[in-house]
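Subject: Structure handover

Hello,

Here is the structure you were expecting. Please open it next to this message.

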Amino acid sequence: MLRNGLAFLLLALPAFGQVLEGDWRGALSAGGNSLRLTLHIEKASDGLYSGRLNSLDQGSVLPLDGIELKGDKVKLDVKAVSGKYEATLSGDKMVGTWTQGMPLPLEFTRDKGAAGPEPRAKLTAAAMKAFGVPVDLYVPVAPAPVLVGGKTRLFYELRVTNGGRADMDLAKVEVVGDGKVVASFAGAQLNNVLHRLDAESGSEKRTLPPGGTAVVFIAVVMDANAKPPATLRHRVWVGDMSAEGGAAAVSTAKLAVLGPPLRGENWIAANGPANASEHRRAMLAVDGGLHIAQRFAIDWVQIGADEETHTGDPLDNRNYHAYGKDVLAVADGTVVEVKDGIPENVPGENSRAVPITLETVGGNHIVLDLGGGRYAFYAHLQPGKLRVKMGDRVTRGQVLGLVGNSGNSTEPHLHFHVSDGVSPLGSEGMPYILESLGALPALNAKVKFSAQ
């Protein structure tokens with residue numbers, strides 16, 4: 001999925017006229033092995049590049065998150081594997097370096113024999129003038145304002161479905177409140193906030209096939225004291241025509257005010273509330289529905305004086321500052337789910353002690369019923385160190401367990417979120433306020449929790 005697409009300016013290339021779009025083949029040699037790779041790169045009518053990298057021998061297809069061509073210099077970014085490719089383009093060859101931990105030489109040759117996809121019919125201006133823009137607009141979860149990083153923000157999703165019989169190119173999505181546009185997304189910015197549900201999405205997500213649905217991850221940002229509109233509507237542009245709908249009432253429910261989930265200082269709100277965070281985009285189909293339980297989730301890690309999360313051997317959980325710290329009840333509540341006995345991981349991106357399933361993804365974990373339809377989820381705890389059991393009543397500040405590194409976790413940390421159901425992932429994430437902050441922390445903010 002394209003997150004950081006860069007527009008291509010023809011004016012930048014008067015001398016070279018290099019053509020990057022098309023199909024390419026190459027091979028990466030490492031440790032005596034050779035991995036066959038292909039690239040597919042497209043350029044939209046507005047100059048936005050998109051593409052994918054296919055590792056034929058590993059059976060994986062990865063989106064290109066950043067594609068840049070300046071003169072004869074090419075830069076490709078593959079965030080899914082923390083990889084980067086920098087090369088010089090000369091006609092039908094790209095010669096450069098692939099970096100993923102260590103630099104390796106990598107050369108691509110244009111595949112002139114590759115057959116592109118059959119062109120499909122495009123929605124025409126004449127058809128839209130006759131029948132309007134054939135879209136269905138729907139907001140599945142009511143927006144709820146929350147204070148984050150000194151600004152009031154509305155994080156929510158708009159689903160856009162192409163109800164026509166031809167491909168539809170989305171040009172712009174606008175959010176309208178109190179008769180004025182309060183947020184607008186177009187070009188690369190629109191592509192960055194879109195997620196297509198069909199299998200053909202690649203990294204260009206603005207073209208919807210017939211019946212295709214895209215999810216727009218919307219963030220409306222206002223001044224801290226601004227009053228949110230009572231209702232939001234959405235205007236979708238295709239060419240120079242638009243359709244308006246998807247009305248959504250803004251929630252006026254009072255947010256839960258919670259105590260700290262941890263003690264001490266130098267806690268970092270990793271993957272915290274932000275429109276592009278991994279938690280915000282973690283939409284999963286669970287129990288017959290699409291849910292974003294982690295919409296306001298935070299991974300709490302602790303750093304030392306050197307700003308690192310560990311001291312010494314990074315493969316030893318005990319060397320991480322967060323490891324073994326007390327995990328606290330954020331409010332009075334009842335324990336409604338407990339999972340224990342999952343062994344801990346060796347720290348690392350791909351090290352997991354058990355296969356990751358819906359049952360094991362949170363590792364050793366606890367769910368508290370806070371009342372009022374709110375449930376607090378604590379994940380990745382140490383095995384054998386949970387201090388509560390099903391049905392226990394707990395009080396705010398009570399120790400529930402210890403920070404660990406179990407489940408889908410790369411290093412010791414506490415994953416915490418609040419949602420509207422017991423299911424940690426089959427529910428909808430709800431905003432809340434940390435009492436000591438009077439808000440939610442901004443992404444990667446450093447936080448000090450008062451002692452309890």
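First, the ground rules. This is a predicted model, where local features need pLDDT of at least 70, side-chain atom pairs count only at pLDDT 80 or more, and totals for chains, interfaces and linings use all residues. Residues are numbered from 1 along each chain as its sequence is written, and side-chain values use heavy atoms, with hydrogens and water left out.

**Cavity**

A cavity is a set of points, on a 1 Å grid over the protein atoms alone, where a 1.4 Å probe fits but cannot get out. Grid points are joined across faces, edges and corners, and a volume is the space filled by probe spheres set on the points. The count is one cavity of 30 Å³ or more. The largest cavity has a volume of about 50 Å³. Lining residues have an atom within 4 Å of a point. Here they are Leu37, Leu39, Leu53, Leu64, Leu76, Val78, Tyr85, Trp98, Leu106 and Phe108. By class, that makes 10 nonpolar, no polar and no charged residues. For the classes, Ala, Val, Leu, Ile, Met, Phe, Trp, Tyr, Cys and Pro count as nonpolar, Asp, Glu, Lys and Arg as charged, and the others, Gly among them, as polar.

Strand E2 (33-43), strand E6 (73-78) and strand E9 (103-110) each supply at least two residues of this lining. Strands (E, at least two residues) and helices (H or I, at least four) are DSSP runs, numbered from the N terminus.

**Aromatic pairs**

Rings of Phe, Tyr and Trp (its six-membered ring) pair if their centres lie within 6.5 Å; planes under 30 degrees apart count as stacked, over 60 as edge-to-face and the rest as tilted. There are five aromatic pairs by this rule. One of them joins tyrosine 85 and phenylalanine 108, edge-to-face, at 5.4 Å centre to centre and 80° between the planes. Tyrosine 85 lies in strand E7 (residues 83-90) and phenylalanine 108 in strand E9, so the pair ties together parts 23 residues apart in sequence. Tyrosine 85 is buried at 1% relative accessibility. Phenylalanine 108 is buried too, at 2%.

Phenylalanine 155 is in strand E12 (residues 151-162) and phenylalanine 296 in the loop between strand E24 (289-291) and strand E25 (298-302), so parts 141 residues apart in sequence are tied together. Both of these phenylalanines are buried.

Tyr378, Phe416 and Tyr432 form one aromatic cluster.

**Salt bridges**

Side chains of opposite charge can pair when their charged atoms come close. A salt bridge here is a side-chain nitrogen of Lys or Arg within 4 Å of a carboxyl oxygen of Asp or Glu. The count is 23 salt bridges.

- Aspartate 169 meets lysine 122 at 3.0 Å, N to O. Aspartate 169 is in strand E13 (residues 168-169) and lysine 122 in the loop between E9 and helix H1 (125-131), 47 residues apart. Aspartate 169 is partly exposed at 33%, and lysine 122 is partly exposed at 41%.
- Glutamate 174 pairs with arginine 235, closest N and O atoms 3.0 Å apart. Glutamate 174 is in strand E14 (residues 172-177) and arginine 235 in strand E19 (residues 231-238), 61 residues apart. Glutamate 174 is buried at 8%.
- Lysine 389 pairs with aspartate 392 at 3.2 Å. Lysine 389 is exposed at 55%, while aspartate 392 is buried at 19%.

Shared partners join Lys172, Glu174, Arg233, Arg235 and Glu244 into one network.

**Largest pocket**

A pocket is an open set of grid points with protein on both sides within 12 Å along at least five of seven lines. The largest pocket holds about 1,700 Å³ of space. Its lining has 45 residues, and Asn271, Glu278, Glu349, Asn408 and Thr410 lie nearest its centre. Strand E16 (194-196), E25 and strand E29 (374-381) each give two or more lining residues. E29 gives the largest share, three residues. By class, this lining has 18 nonpolar, 17 polar and 10 charged residues.

Best wishes

Terms used:
Buried means under 20% relative accessible area, exposed over 50%, partly exposed in between (1.4 Å probe, protein chains only).
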